[in-house]
Structures are given as C-alpha cells and as structure tokens.
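Here are my notes on the model, as numbered points. Please read them with the structure open.

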Amino acid sequence: MSDQGVTMPRAVLSGLRRHEWLGLAAVLVLGIVAMAATQPAFLSTYNIYIMLTAFSLSVLIALSQMVILAIGQLNLSVGGLGGLAAVIFAGAMDVLGLPVPLAILAGLAVGLLGGLINGIVTWRTGLNAFIVTLATLSIFKGVNIGLTEAQPFYGIAEPVKWFGNARLGALPALLLVSGPVVILTGVILARTMFGRHLLAVGGNQQAAALSGVGVGRIIVLAHVASGGLAAMAGMLAVARLQLGQPTIGDDWLIVSFAAPVIGGAVLAGGHVSVIGTCLGVAIITLINNALVLLRVDPFAVQLLLGFLILFAVGLGRVRSGR
Amino acid sequence: MTRTDQPAATGADRERKRGGAGMAAGPKPGRAALGWLASNEAGLLMITLLFVLLFSQLTAGFTSLFNLYALTRVLAIDAVIGFSMMVVLVTGGLNLAAGAIGVCGAMAAGWFMQALGLPVWLALPLALCVGALLGALNGALTVWMDVHSFVVTLATMSIFFGTMILLTEARAFSDLPPGYVALAKTRYGFWSGLLVVTAIVGVLLWLLFHRTTLGRQILIAGANPRAAAMSGVPAGLTVIVCHALSGGLAALAGLMLTSRNGAALPSMAGQLGMDWLLPAFLAPILGGTLLTGGTVSVAGTFLGAALVTVLTNGLLQLQVGEFWIQAFLGAILLIAVALDRLRAVWIERRRVR
Amino acid sequence: MTEQSSGREPVLAIDGATKRFPGVLALDHAGIDLHPGSIHALLGENGAGKSTLIKIITGVHGADEGEMRLDGAPAAFQNPRDSIHAGIAAVHQERNLVPRLSVAENILLERMHTRFGLIDYAALNREAARIMATLGLDIDPRRPVRDLSVAQMQLVEIAKGLSVDARVLLLDEPTASITPHETGTLFRLLRDLRDEGVAIMFVSHKLEEVLDLCDTVTVLRDGQNACRSEPMQGLGRAELVQYMIGRKETFVTGRQRKPQGAPLLELNDVSTDLGHHGISFDLRPGETVGLYGLVGAGRTELAHAIVGAARITGGSLRIDGEEERPRDIGHTLRQHRIGYVSEDRKGEGLVLMHSIRTNIAVTIWQRIAGRLGWLTPATEKRAVLPFVEKLEIRAPSVDQPVGLLSGGNQQKVSVAKWLAAEARLLIIDEPTVGVDIQTKAYLHELIHDLVEQGTAVLLISSDMPEMLALADRIVVMHEFTVTGEVPNDGSSGEVSGAIMRCIHAEGEEVA
C-alpha cells in the first residue's frame with residue numbers, strides 16, 4: 001500500500017491532488033458549453049447576473065457547513081440560524097428603526113452567538129453535533145416564527161434594497177461580500193495556524209490534543225465561524241428578496257451539504273476544499289438555472305441534488321481506494 | 001444500561017470459584033422493582049403524569065373527553081414515527097428520510113385506492129411494502145457505500161420526496177374509501193382506536209429485540225459492528241433490515257395520518273418531510289435510546305412520545321402561542337440530551353468509587 | 001552515570017499516584033523519579049500501569065490521588081497543553097499523527113512558523129527537515145503522513161517528540177515497529193540528549209534494549225511499584241523479570257510436539273489486498289504455531305484475511321486440504337469452526353456495553369435458538385454458564401456489562417465465546433495484553449490444554465517469553481511477508497537470536 005506512495009513521483013501525486021477539483025471544473029465547463037450551445041438566453045448578461053447572485057448566496061451557505069465538516073461534525077442549524085439572523089436584521093430596521101450598520105451588527109451578532117451556543121454545547125457535553133444542532137435548529141426556527149408570527153418584515157432600509165439589486169453588467173454587488181469571504185476562508189484554512197489546527201482536529205482529534213492544540217477552543221471557534229457565515233448568507237438573502245421573509249433558510253440544508261461533499265469534503269473530517277466547494281456551488285447553480293430555462297419542475301432540482309450527493313459520496317469512496 | 005454498584009467482593013469470588021452457584025441467581029425481585037423505579041421509563045412516566053396533573057388543573061379544556069381523544073390520536077401516530085427512528089438509531093445510524101418515506105407510503109396508498117381502485121386490505125399492505133422497500137434502499141446504500149446513514153438519507157430524502165412530487169404533481173388523493181377513513185375515528189372512551197395499532201407494533205418490536213436472534217444480532221451489531229462481524233454476525237444485513245423496518249413504520253405512520261386527515265396530502269409532513277424530524281428524534285431520545293446505537297427502549301420511546309404530545313397539547317391549551325411550540329420542543333430536546341449526558345457521567349463517577 | 005544522576009534533585013517526581021478506571025485499579029500508589037541527564041527505564045507487563053502513568057504525567061488523565069512535583073514544586077496538568085508548556089514531551093504508543101497533514105505540519109503542529117499571521121511553509125519545512133536529520137531520517141517534509149509506512153510514521157512521531165526542546169522526554173514503546181538499525185540511530189541520539197542534561201523515560205518490552213540503554217529503572221506490577229528508581233548497575237535480565245512478574249522466570253523447555261494428521265490450515269504463497277505477499281506456512285491439529293514480528297508487520301491483518309475479513313488475492317489457502325477463499329466471516333466461523341480472539345478487545349473483540357451472556361452467546365445464537373429465531377435469556381444463560389465457570393470469569397452475574405470487568409476477565413470472555421463455538425482452529429492475537437499476571441498464567445495454561453486436546457492454535461504475540469512458552473514453531477513476519485520459520489527448541493537466546501536475524505536481514509535490505 002505504502003510502497004506506491006514512496007515510489008510515485010511527487011509531480012504525479014500533486015497532479016492527482018489537483019485532479020480532485022479539475023474533474024469538477026471540467027464538468028462545470030462542459031455544462032456551460034452545453035447550455036450556451038442550446039439555450040441562447042443562457043449567456044445573456046441578465047442570466048449570468050442571476051446565476052452569480054444565486055452563487056453569492058449559496059456559497060456562503062456552503063462554507064458555513066464546510067467549516068463544521070472540516071472538524072468532522074455537521075450542522076443542521078445552518079438554515080435556522082441564517083433565517084433567524086435574517087429576520088433580526090430586517091426587524092431591527094423595520095420595527096426598531098435602527099440604522100443599517102447597527103442592523104448588520106445585530107444580525108451578525110445573532111449568528112455568532114448561535115454558533116457559540118452550538119459550539120459550547122457540543123464541546124462541553126461531548127454530544128453528537130447532529131442532535132445538538134437538530135435541537136438548536138428547532139429553537140432558532142421557533143424563535144424566528146415566534147417573533148415574526150410567520151409574517152415578513154417589509155420595512156427594509158433603502159441602501160440594503162439598493163445593494164441587493166445593484167450590479168455592474170453581469171456582476172452583482174453581492175459578490176462584494178461573498179468574494180472576499182471565500183478568499184479569506186481559503187487563506188485561513190490553508191495558511192494559518194487556526195486553519196491547520198481546524199483540519200488537525202477533524203483529522204485526528206486525539207493527536208491534536210496530545211500535541212497541545214486547544215481542541216475545545218478550535219471546535220467552538222469553528223461553530224462561531226459557521227454561525228457568522230450563515231448570518232451573512234441570511235442578510236444577503238434579505239437584501240436580495242427586499243424583505244425579511246421568515247422562511248429564509250428553510251431550504252438550505254441540502255445545498256449546504258451537497259456543495260462541500262461534491263467538492264470533495266471528507267465527512268469524517270480533516271479534509272475540505274474551498275475551491276471544490278465553490279465549484280460544487282457553481283454546478284448546483286448551473287443545474288438550477290438550466291432547469292428553469294428548460295422549464296422543468298423545480299422539484300426536479302431536489303431530486304438531482306439528492307443524486308449528486310450520493311454520486312459524490314460514492315466517488316469519494318472510490319477515490320480513497322476502497 | 002444496567003447499573004451495578006460495586007465489583008465483586010473477594011470472598012464471594014472464592015465461593016463462586018467452588019460452586020459457581022451465585023452466578024445463575026440474577027438480581028433479587030425486590031431490587032429489580034427498585035431498579036425499575038430508578039429507570040428512565042419510570043422517570044418519564046412520572047414526569048408525564050405530573051404534566052397531565054398540572055395541565056388538568058391549569059386549563060379546563062385539557063381533560064375534556066374530546067381533547068384527550070385528540071391527544072391519544074396524535075400520540076398513537078407520533079409514537080409510530082418515533083419507532084421508525086428508533087429502529088435505525090439502534091444501528092448507530094439515523095433516518096432523515098423518515099418523513100419523506102412516510103409521505104411516499106401515504107401517497108402510494110392513496111394512488112392504489114383512488115386511482116387503481118384496490119381494496120383497502122390490499123392497498124395498505126402494499127403501501128407498507130413501498131415504505132419498507134424505500135427503507136431497504138437506504139440501508140443497502142449505507143452498507144454498500146460504507147458511509148454514515150446521515151448523508152445517504154439526506155440524499156434519498158430529497159430523491160424520494162422530489163420523485164413523489166413529480167409523480168403526483170403535488171395533488172392530494174382525497175377520494176378515499178370511507179372504511180379506511182373511519183379507522184382513525186374509532187374510539188373507546190377517550191382512547192383513540194389508533195392506539196391499538198401502536199400497541200401491537202410496540203409489542204412486536206419488543207419481542208423482536210428481546211426474544212429473537214435477529215433482534216439480538218441487530219443490537220450487538222449496533223453497539224459494535226466490527227466486533228459483531230468478527231463473531232460471525234452479518235452486520236451489514238442487520239443495517240438493511242433496520243432501515244427496511246424503519247421505512248415500513250414510517251409508511252405506517254403516514255397511513256395512520258392519512259386516515260386521520262381523510263386524504264393523502266403531499267404536504268402532510270412539510271417540506272421534504274422534515275416536519276417529522278423533531279418528533280421522530282424526540283421520542284426515542286427522551287426514551288433512552290442512545291444515538292451511538294446498541295440500545296433500545298420500546299416502552300421508553302412510547303413514553304417519550306407521550307411526554308411530547310402532552311406538553312404540546314397542554315401548551316396549546318394554555319394559549320402559549322403555537323408559534324413558540326417549536327422553539328420549546330427544541331429546548332426540551334437539548335435539555336434532555338444534556339441531562340442524559342450528565343447522568344451518564346455521574347454513573348461513571350459512582351462506578352469508579 | 002548513575003552516581004552522578006542520583007546526586008541531583010529529580011526534575012520530575014511522582015508519589016502515591018493512584019488511578020481507577022471502571023472495574024480496574026490501573027495505578028495503586030505508584031511513584032517514580034526522573035533525574036536530568038539520565039535515561040530511566042519504566043518496565044512492567046502489559047496492563048501494569050505504564051501507559052497510565054505516562055498519561056498522568058502528560059495531563060491526559062488526572063490522578064485520583066498522589067502528587068507530582070516538577071523541580072520540587074507541586075504541579076498538576078489539566079491537559080497535554082500544560083505539560084508541553086512545562087517542557088515535557090512525549091512519544092505516545094497510540095498513533096498520534098494527523099493523516100492528511102504533511103510530515104512537517106505534524107512534527108511542529110503547535111509551533112508553526114508564521115509571518116504576518118500566515119504560516120511560513122519554507123521555514124516550517126526547513127525546521128522539520130533539520131529535526132528529522134538528527135534522527136537520520138530522510139523524508140520529504142511536505143509529504144502527507146498517510147502516505148508513509150508504519151515504521152516511518154513511528155519515526156516521525158519520535159521526531160515530533162524530539163522537536164520540543166524538552167527537559168523531560170517520555171517514550172512509550174518507541175521501538176515497537178522500527179528495525180534494529182533505526183533503533184541504533186535512535187539510541188545514539190537519546191544518549192546525546194542525556195549528556196545534554198535531558199531527563200528521559202523509556203518504556204520498552206525488549207529487555208536487552210533496556211539493559212543496553214538505561215541508567216535507572218522503575219518497575220510496575222499490577223499498578224504498584226515493584227521497584228522505584230533503582231540504579232540499573234548490577235541488575236540483570238533475571239532480576240528485572242523477577243520484578244515484573246513477581247517470581248523467577250521459568251524457562252519452558254521447547255515442547256516440539258510432533259502432531260500427527262493432515263494440516264488443518266495451509267497457506268501457500270498467499271497474497272492479500274492488504275499488501276501481504278509470499279505467505280506460506282501450515283498448521284496441524286494439536287500444535288501451536290507462533291507468528292512473530294514487529295508491530296506493523298502485518299500479522300493481525302493476516303489473521304483477518306484467514307477468517308475472511310480481508311480478501312486473498314493470490315496463492316492458495318487450504319482448510320482440511322480443500323482450497324478456500326474466505327469471504328464471509330460468519331461462514332468461515334460456522335463452516336470451518338475457526339475462531340479469532342482479537343488483540344483489539346474494545347474495538348473488535350467484545351461489545352463492552354453488552355452483557356457477558358450476550359458476548360459469549362453471540363457465536364452460538366443460531367445453534368441454540370428455537371423456531372423463527374426465538375431466543376430467551378434463560379436459554380442463553382444455560383448455554384453460557386458452563387464456560388463462565390470453566391474459565392472462572394469473575395462477575396456478580398452474567399448480565400453484567402463486559403465493560404465493567406477487569407482486563408483479565410474481559411480477555412477470558414473473548415476466549416470463552418470461541419470455546420462455546422467449539423472452535424477447531426483458534427487464532428489468538430496478543431492474548432495477554434492488558435491482563436494481570438494470574439490471568440496471564442491461566443490463559444497460557446488454557447492454551448496449552450486446548451492444544452493438548454487437539455485444537456490448532458495460531459498465536460500472534462510480540463511478547464517473546466510468551467512465544468517461547470507456547471509455540472512449537474515460530475513463523476517470522478516482516479513488512480507483510482514471511483521471512484523465516486524457527487523451531488522452538490526452548491533455548492531463549494538462540495531462538496530469539498534467530499528470529500531477530502530474520503527481521504534484521506530484511507530490515508537492512510529495505511534500509
């Protein structure tokens with residue numbers, strides 16, 4: 001088993017590593033070419049803008065799940081937290097009349113705090129993150145519904161509405177948020193102690209602890225980061241929709257898992273790819289767009305996403321040499 | 001779990017060495033009764049009764065015959081939803097697709113009866129088979145891909161629900177045979193007749209897990225699949241069986257709900273069937289079935305469902321505002337699992353002393 | 001050397017350390033003193049409490065009682081972080097690496113070089129390469145650890161321990177999976193460190209190594225000090241063994257049974273999908289064949305392949321002369337009555353949360369169940385009790401969860417289930433790891449009796465005296481292949497010498 005690794009030249013090895021997302025890129029390019037060739041509307045500036053808008057939002061949702069997958073856990077409450085941050089953000093403007101920066105801070109604070117709760121409870125109790133985040137999902141969603149009584153907030157500040165619709169040609173203003181966040185996440189994971197420790201905790205928690213890594217701190221911080229990312233996604237959704245919908249976040253769960261898993265994340269932890277996750281989001285966005293252009297039932301998207309997850313996981317098994 | 005106070009004393013050891021008689025005797029009946037009182041099930045029963053007492057004092061509506069009847073009817077269905085999750089928790093897995101399968105089963109039954117005109121006695125078993133088949137697919141994928149059932153059932157939840165919506169075009173089957181719809185209306189005093197179904201299912205599950213080889217194999221494979229496999233237990237097969245069972249039970253819950261609603265509705269379990277997730281997990285986890293697998297408590301799951309149903313019903317009667325119920329149930333789940341964890345730590349400490 | 005070290009104050013001293021785990025008293029008022037500039041051997045049989053003591057020093061476990069003093073001042077570590085900051089480095093027995101991170105990242109995990117908050121990989125890799133060079137190790141620091149061989153991983157772990165500029169260095173069985181040549185390099189390095197004033201604690205099963213390297217010795221027996229911080233001078237192998245087992249080492253004269261009859265198990269040039277190749281040996285009823293090798297030589301994996309938990313890809317495996325390709329464990333166990341007592345009791349030998357009754361009866365459920373698989377606790381109890389009594393398993397009741405039993409009683413349960421299944425061929429993997437001395441003697445006697453009664457036993461053990469006491473022939477494995485077969489004539493020196501030559505020859509070739 002190991003002999004192969006010893007003799008195989010490094011170039012080939014690193015090539016294979018890169019291949020992990022080269023395959024995804026190829027799939028994406030193929031899909032784009034096919035759509036461009038058959039659907040004239042596909043390459044219109046407006047359609048590209050629509051796709052990039054969806055991408056900006058989804059990529060934050062996917063990253064929010066990805067940082068938790070990196071430590072070998074999962075977070076069912078991504079949507080619940082994003083939705084709660086969204087209505088707090090909208091409510092702060094509508095009901096309390098707070099200025100936009102304060103409203104943003106309020107929304108972000110909700111996300112970070114929710115993440116903190118998830119992190120502290122999982123770390124302190126040693127419980128499975130699944131059950132903890134199932135419980136907090138219900139709590140966040142329940143508070144959301146309780147506060148809004150299932151009615152949207154309409155009084156969104158004008159600058160927020162403007163930001164949600166602004167674009168430069170095909171480029172939506174929302175990219176100004178998600179672009180830097182993606183790059184920052186990538187740099188943190190690949191180039192900082194925190195990022196490497198995150199992956200170390202996911203890869204072998206005991207080894208990390210014995211090496212003197214503060215495992216609890218890493219786990220809690222990962223959940224805080226996840227909550228922050230979910231809150232950003234929720235607030236972008238408010239800007240995009242131009243209102244504070246209580247249902248924001250309800251349909252995030254599948255996407256949040258599908259994109260990182262398609263992007264090569266190992267569910268046991270210790271390995272995630274920001275580029276892969278972005279490509280995963282791009283592929284999902286493309287499929288969504290294609291189905292809309294082809295006038296297919298929107299529920300077929302759910303179906304396809306399900307198959308994509310299964311396919312990606314199956315592929316991961318094959319790749320890991322099973 | 002069995003709780004034992006101290007390891008064997010040395011004197012008793014020597015005696016056992018000669019005779020080995022002490023071994024067969026087992027715990028004394030008096031201690032067994034005491035043990036039961038300290039058990040999770042007894043605790044749940046007492047808490048539930050406490051809340052029943054509390055709500056009956058606080059609101060007049062709670063103890064009305066109709067409310068109790070409605071309550072037991074919800075309980076009958078929620079307990080089966082809980083069983084459906086319980087049988088996969090035993091394997092150390094879970095079934096996010098339980099709701100989606102439940103809806104698929106119900107819609108299949110609706111189609112069999114309304115579109116194909118099959119008789120009830122044929123349509124219902126067929127619908128259960130549909131559920132079991134979808135569940136078996138989950139199990140087979142889990143074993144074959146060797147990944148946690150979380151990701152498999154997350155994907156199939158999407159696939160099953162999406163396929164169901166595409167096939168039915170999101171339309172309900174509301175022209176069901178009156179005999180079937182009447183099933184959910186059977187009533188003995190304030191007891192819903194559906195509880196009979198739940199009770200039979202519960203007894204069968206108890207017998208399966210405690211009195212058959214298959215059930216024991218499921219439990220041991222759930223506790224430690226590698227050790228079980230190394231002892232010749234077909235661990236993979238037990239996973240598939242459990243998922244099939246889970247699918248069948250989810251479909252049963254769907255059929256009970258359809259009978260109560262009088263129609264098979266695609267929306268009866270919410271988006272992707274996820275509205276069932278909370279009750280599905282609450283009942284077994286409150287009932288003491290561990291997420292790590294290898295343990296099961298049928299009575300506990302039923303009592304867990306009872307506690308949740310009583311609380312939900314009572315709070316609604318108290319006009320707490322239905323919007324807050326979900327947050328409340330989430331908090332209960334969190335507290336329950338945290339308390340259970342504390343208890344485990346406490347027992348561990350006591351054992352070490 | 002010893003005079004010099006005993007004159008100084010100990011840098012680290014432990015007194016009266018006591019640690020209880022459910023069902024086990026792992027440490028019972030144990031003590032040790034580590035002096036700067038001295039290599040201290042910590043010895044004891046498996047389960048004597050060595051690893052527990054190390055874990056208390058490194059803050060993994062908190063002691064229930066006892067005192068630890070660092071430079072004479074009381075100290076207690078809440079977690080490994082604290083102990084590392086106090087200048088204590090450890091090479092643990094368990095795999096302690098993150099598979100997907102690079103060698104350099106693993107070595108310097110908590111101390112990566114950063115510039116402006118970003119990791120400086122060039123400096124990191126340089127530093128890691130420098131540390132590895134002191135060990136004579138030439139591995140690309142950028143390679144992910146999961147691509148390394150077991151021996152390379154162990155060397156990286158040692159490098160990791162050395163990378164902390166530690167005053168106290170603890171090494172728990174660092175030589176278990178490396179070749180004698182690599183061991184030589186390590187020892188030179190440890191001596192250099194000692195001369196620089198580092199206090200080193202060295203745990204090993206190989207007494208020759210200990211006698212060669214160490215200045216002082218502490219021996220644990222059943223969690224207690226059999227001796228505490230005695231100078232090694234004047235002590236020999238015999239004295240150390242007497243400390244460890246509480247009596248003189250009895251040399252078993254080679255049994256050299258001459259079993260009659262056809263081989264029960266024959267392997268001819270077998271290869272597996274786990275990487276075995278060229279595996280050939282046979283085993284007859286009424287004989288014990290030992291499989292000896294370094295940790296990571298592929299012995300346990302071979303046992304897995306024989307029962308069908310791994311795939312055989314080449315060569316021939318015959319059971320009773322019939323060609324077999326074991327694929328299904330259940331089938332192998334029931335059809336051919338081959339039992340496997342796993343080394344990994346917690347992982348694949350036993351189900352700790354379940355009762356003694358369940359754990360023994362699992363192999364015979366199908367036989368004792370009624371129609372439709374009907375099975376009552378009473379039926380099980382009847383089937384299981386004779387074996388509980390025969391093996392003298394001590395517990396208040398057969399309904400006791402196995403997790404609450406002592407290591408020795410757990411091991412008896414994992415043997416009992418195969419006796420219940422009436423195994424004709426028993427593969428026993430490290431039978432006495434983590435069991436007390438009485439149980440160890442009992443298990444040896446039991447294995448001996450079983451073989452006398454005609455059972456075939458394939459014994460996997462890293463404990464040379466155990467091998468010499470039980471095996472008729474010893475098959476030596478190294479790096480997933482068989483490198484030789486040595487008859488056990490009972491002369492410990494010659495047999496172990498022959499075995500070492502088998503391993504060493506191969507090791508040199510590879511290095």
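1. The A–C interface. Chain A puts 21 residues in contact with 22 residues of chain C; two residues are in contact if their C-beta atoms, placed from the backbone, lie within 7 Å. On the chain A side, α1 (2-7), α9 (193-203) and α10 (205-210) each supply at least two residues. Of the elements on that side, α9(A) gives the most, with five residues. Helices are DSSP runs of H or I with at least four residues, strands are E runs of at least two, and both are numbered from the N terminus. By class, the side of chain A that touches chain C has nine nonpolar, 10 polar and two charged residues. Nonpolar here covers Ala, Val, Leu, Ile, Met, Phe, Trp, Tyr, Cys and Pro; charged covers Asp, Glu, Lys and Arg; the others, Gly among them, are polar.

2. Ground rules. This is a predicted model: local features need pLDDT of at least 70, side-chain atom pairs count only at pLDDT 80 or more, and totals for chains, interfaces and linings use all residues. Residues are numbered from 1 along each chain as its sequence is written, while chains are lettered from A and ligands numbered from 1 in the order in which they are written.

3. Confidence. The predictor gives the complex an ipTM of 0.85 and a pTM of 0.87. Chain C averages a pLDDT of 87, and 95% of its residues score at least 70; pLDDT is the predictor's confidence in each residue, from 0 to 100. Two stretches of chain C need a flag. Over residues 1-6 of chain C the pLDDT stays under 50, and the model has 15 contacts there beyond four places in sequence. Residues 507-511 of chain C are also below 50, with eight contacts beyond near neighbours in sequence. Where pLDDT is low, the predicted coordinates should not be read in detail.

4. The A–B interface. Here 42 residues come from chain A and 37 residues from chain B. Contributors of at least two residues on the chain A side are α5 (100-125), α6 (129-148), α12 (253-262) and α14 (299-319). Which helix of chain A gives the most to this side? The answer is α6(A), with 14 residues. The side of chain A that touches chain B divides into 25 nonpolar, 10 polar and seven charged residues.

5. Chain A overall. Chain A has 14 helices and two strands. Its radius of gyration is 20 Å, close to the 20 Å that the globule rule gives for 322 residues, so chain A is as compact as a globular protein of that length. The radius is taken over C-alpha atoms, and the rule is 2.2 Å times the number of residues to the power 0.38. Along the principal axes, the C-alpha atoms of chain A fill a box of roughly 65 × 55 × 30 Å. Buried residues make up 54% of the 322. A residue is buried if 20 or more other C-beta atoms lie within 10 Å of its own, exposed if 12 or fewer, and partly exposed in between, with C-beta atoms placed from the backbone.

6. Helix α3 of chain A. This helix (residues 45-70) has 26 residues and reaches 36 Å from its first C-alpha to its last, close to the 38 Å expected at 1.5 Å a residue. The expected span is 1.5 Å times one less than the number of residues. Of the 26 residues of α3(A), 19 are buried, so the helix is largely enclosed by the rest of the structure. Just after α3(A), Gly72(A) takes a positive phi of about 80°.

7. Chain B. Chain B has 16 helices and two strands. Of its 353 residues, 51% are buried.

8. Chain C and its domains. Chain C comes to 19 helices and 22 strands. Its radius of gyration of 24 Å agrees with the value near 24 Å for a compact globule of 511 residues. Domain 1 (2-245) and domain 2 (265-352 + 423-510) divide chain C; the bounds come from an automatic or database domain assignment. The C-alpha centres of the two domains of chain C lie 30 Å apart. Their contact takes 13 residues from domain 1 and 15 residues from domain 2. On the domain 1 side, α6 (150-163) and α7 (180-195) of chain C each supply at least two residues.
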